[in-house]
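Please read the following briefing alongside the sequence and the coordinates.

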Amino acid sequence: MSHSALLKSIEEGAGLLGLEKEIRAELAKNPKSIVVLDDDPTGTQTVHDVPVITEWTEEILENELLASPVFFILTNSRSLQADEADALGELLGERLQKVAEKHQKKTDCH
């Protein structure tokens, strides 16, 4: 990438700032959280100021769901066999659904 292209991309990115107020207002009207299941620790290195949890008891998930509009769950499922990784995803989905319903948070699982 050329120097001028890099500077242009920085300027364009700066123009996207300032929507935090609108996002917070939307979340106040429609409470929800974004939960990222990360199978490898390198993914969390690309974010700033986003909580990362490495345990997923219902209590921990509930606390994080209430405290953070966005958080990562570091599963390290890359090291698991496919059926074990699927089972872990199902378990996390069930637990997140349970605590989200308890606190009337919308869910959209993919």
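Does Ile73 count as buried or exposed? At 0% relative accessibility Ile73 counts as buried, where buried means under 20% relative accessible area, exposed over 50% and partly exposed in between, with a 1.4 Å probe and protein chains only. This is a predicted model, in which local features need pLDDT of at least 70 and side-chain atom pairs count only at pLDDT 80 or more, while totals for chains, interfaces and linings use all residues. Residues are numbered from 1 along each chain as its sequence is written, and side-chain values use heavy atoms, with hydrogens and water left out.

**Chain**

- The secondary structure comes to four helices and three strands, taken as DSSP runs numbered from the N terminus (H or I with at least four residues for helices, E with at least two for strands).
- Read along the sequence, these elements follow the pattern α-α-β-β-α-β-α, and the chain is more spread out than a compact globule, because its radius of gyration of 17 Å is well over the 13 Å that the globule rule gives for 110 residues.
- That radius is taken over C-alpha atoms, and the globule rule is 2.2 Å times the number of residues to the power 0.38.
- The C-alpha trace spans about 50 × 40 × 20 Å along its principal axes, and buried residues make up 21% of the 110 residues.

**Surface patches**

- Patches are made of residues with over 30% relative accessible area and no salt bridge, joining like charges within 9 Å and nonpolar side chains (Val, Leu, Ile, Met, Phe, Trp, Tyr) within 5 Å; a salt bridge is a side-chain nitrogen of Lys or Arg within 4 Å of a carboxyl oxygen of Asp or Glu.
- Leu6, Leu7 and Ile10 form a nonpolar surface patch with about 260 Å² of accessible area together, as given by the Shrake-Rupley method with a 1.4 Å probe.
- A negative patch is formed by Asp83, Glu84, Asp86, Glu90 and Glu94, with Asp and Glu counted as negative and each charge placed at CG of Asp or CD of Glu.

**Helix α4**

- Asp86 is placed in helix α4, residues 82-102, and counts as exposed at 55% relative accessibility.
- Arg95 is also placed in helix α4 and counts as partly exposed at 24% relative accessibility.
- Arg95 and Lys106 are eleven residues apart in sequence and 14 Å apart from C-alpha to C-alpha.
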